[in-house]
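Q: I have a chain open in the viewer and would like to learn how to read its features one at a time. Where do we start?

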Amino acid sequence: MLHLTGDIVVEVLNTCAMYRFDEPMIDDLVNAWERDSLYQKWHKASVENVKQFWSTQTDCIYWQSLPTDVYDNGYWLINGKSNLYYNCVARHAIQTPDKVAFINYYDDPSMRKTITYRELDILVKKVVYLLIQKGIQKGDVVAFFMPTRIISIASMLACAYIGALHMVVFSGFSADVLAQRIKDSNAKLLLTLPTIRRGGKEIDLVKTINEVSKKLADNMPEVLYMNDIPDVPNVSLNIEWLNNQDEAFILYTSGTSGKFKGVVHATLPYMLYVSSTFKNIFAPKPDDVYFCTSDIGWITGHSYLVYAPLFWGLTSVIFDGTPLYPTPERYWEIIEREKVNIFYTAPTAIRSLKTYGDEYVTKHNLSSLRVLGSVGEPINETAWNWYFHIVGQKRCPIIDTWWQTETGGFILAPLRNMSQQPCVAGRPFYGVNVSIIDNQLVINNAWPGKYKRILNQNGMYNSVYKSGDTAKLVNGEIKITGRIDDVINVSGHRLCTADFERVLSTMPEIIESATVAIPHEITGQTIVVFAVLASDTISTHEELNIKIQQQLRKSIGAIAKPHKIIYLDDLPKTTTGKIERHKLRELALNN
Ligand code: WTA
């Protein structure tokens, strides 16, 4: 481990000892084979000696106090002290102050805004001052209901500065969802904006916030509208140097039981994991322009839009709009204009954009692209082919990254791009020991990105982490095939069929309901609702369809749009009263 205490890491990107290969040459089979055997050798060594591997990855972190041990008995980075803000902003503001940190594109195509590392540092400090004024301290939870913009990211980093936990809720979710999460996390403050725009439509967030306030009554935290932030008077703002157990954030996701769960990550191991995985898998160069299309409301937004690219001091494009507005060439225009080198998006976007034809892509010069990433759901063959041939012009490897909110960062990826087997997430990352047991992908050992705890749940120590995803081996690589539970994936968003059923159970017209997921060409999966109506229901099916859709939208959000609603006299059940979902699925597929 390098001794960097007290120093600024110079030339962070160039000096770090990383497990790096040369640039991918995907047509070169001999090299591919060599890379493959090298990977096998290194991976084997890394899981046999996990501590040794991770100690090679800590050098690029600025340590206020160096860890005395990288791993010991379930704990990472013993006695280390550091800070995410310092690593992601402060050091770059000193070393590369004029480098652009973010290029922000907006739903409004006429807008574009950039911010340098120096300016970002100043903005973060303004928010820090504001948070301190509001009494926010280390360990407090700050809720976010904000779009993917510079100010939102600066506010997340401001939380990191003082050791407060951010809890970001996707700004497309409903007041119900936001209220539940604020309550569950006991957030002390809510940061938002008065209005946002999506797909050309203005969305009034004040209205949503007022609804939340009504629902939460006395539990409603103070609301800060972040559109106008005062300057900081000349005061000293102390950075909180955090230890290995101090927490960075809470992010909610759908759990198996149908109840949302607040996944909590600890700062130091999380920083180690996202910085290492990003560097090794996307292999960014210092002057690269990186474009991740995720929203900050998801884990991809946290790990690979906010923290990892900033850690490495890169320039990133961020975008708060949709890929289709005002035309389906939004992404390609941005890539051409900003000369994006690494592009990271979701299969659902690829499938949807593909339906508009190749011309929107091919009329743009996308020759800057070098790496194409994919995340959120399995990428099917047509989408993979279009991404590879049309978007990447056969030059760029498709880096299909499999991971979860709980894993913090990439677990599987086609490491070093050796095989390019379409639609296969690839190999485990170094130091991660993965296997498939009873068709399920499991992780057998400890890795730094693993969540620390689930909020308000008593931890159970399991040495084997069960992912809930089913998987199989294809020529030595891992292909993700589905889920073992009722978690579903609509447009890369994790939902649970039980969420739908819970909402429907609140409607007086419906005495029983069941939802199943069926495959969908664009969104990956889609929902079919089965409902049994109360005998005194007077509404027509058409009226009820609208009511059900409104209720789901209100309670979950626009993502929760059922594909079809089918009314039955009874749900098919086993003699023991269990709903026979396979029968419903068949019915849904044939309807
Ligand atoms: C699915 C998103 C196949 C999977 C980062 C997982 C994927 C869930 C992939 C986690 C992929 C994510 N191939 N399936 N490359 N990436 N998934 O927590 O079912 O929002 O369990 O994290 O998305 O969703 P989450």
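Q: Which residue of β24 does Leu 473 stand opposite?
A: Strands of a sheet pair through backbone hydrogen bonds, either parallel or antiparallel. In this predicted model, Leu 473 faces Ile 478 of β24. Strand β23, residues 465-474, is joined to β24 by six bridges, and the two run antiparallel.

Q: In what order do the strands of the open sheet lie?
A: The order is β20-β21-β23-β24, four strands with antiparallel pairing. The edges are taken by β20 (434-437) and β24 (477-483); each has a single partner strand, so one side of each is left without a neighbour in the sheet. On average, neighbouring strands of this sheet are turned by 50° against each other, direction ignored.

Q: How are α4 and α5 packed, at what angle and how far apart are their axes?
A: Two packed helices are described by the angle between their axes and the distance between the axes. Here α4 (residues 84-95) packs against α5 (residues 117-133) at about 130°, and the axes are 7 Å apart. That angle makes α4 oblique to α5, and their crossing is left-handed.

Q: Which residues make the contact?
A: From α4 come Tyr 85, Cys 88, Val 89, Ala 90, His 92 and Ala 93. From α5 come Tyr 117, Arg 118, Leu 120, Asp 121, Val 124 and Lys 125. By type, the residues of this α4 and α5 contact are eight nonpolar, one polar and three charged.

Q: How many aromatic pairs does the structure hold?
A: There are 43 aromatic pairs. One of them joins Phe 53 and Phe 429: the ring centres are 6.2 Å apart and the planes stand at 75°, so the pair is edge-to-face, the cut-off for that class being over 60 degrees. Phe 53 belongs to helix α3 (residues 50-55), whereas Phe 429 is in the loop between β19 (427-428) and β20. The pair links distant parts of the chain, 376 residues apart.

Q: Is the peptide bond from Tyr 325 to Pro 326 cis or trans?
A: Most residues other than glycine have a negative phi, and most peptide bonds are trans. The bond from Tyr 325 to Pro 326 is cis, with omega near -5°. Pro 326 sits in the loop between β14 (315-319) and α11 (330-338).

Q: Is phi of Asn 79 positive or negative?
A: Asn 79 is not a glycine, yet its phi is positive, about 65°. Asn 79 lies in the loop between β2 (75-78) and α4. Gln 393 also has a positive phi, near 50°, and is found in the loop between α14 (381-391) and β17 (398-401).

Notes: Residues numbered from 1 in each chain as written. Predicted model: local features only at pLDDT ≥ 70, side-chain atom pairs only at ≥ 80, totals over all residues. Heavy atoms only, no water. Pairing = 2+ DSSP bridges. Axes fitted to C-alpha atoms, helices over the stretch in contact; angles between N-to-C directions. Parallel < 35°, antiparallel > 145°, perpendicular 65-115°, else oblique. Left-handed = near helix turned anticlockwise from the far one by under 90°. Contact = heavy atoms within 4.5 Å. Nonpolar A, V, L, I, M, F, W, Y, C, P; charged D, E, K, R; others polar. Phe/Tyr/Trp six-rings, centres within 6.5 Å; stacked < 30°, edge-to-face > 60°.
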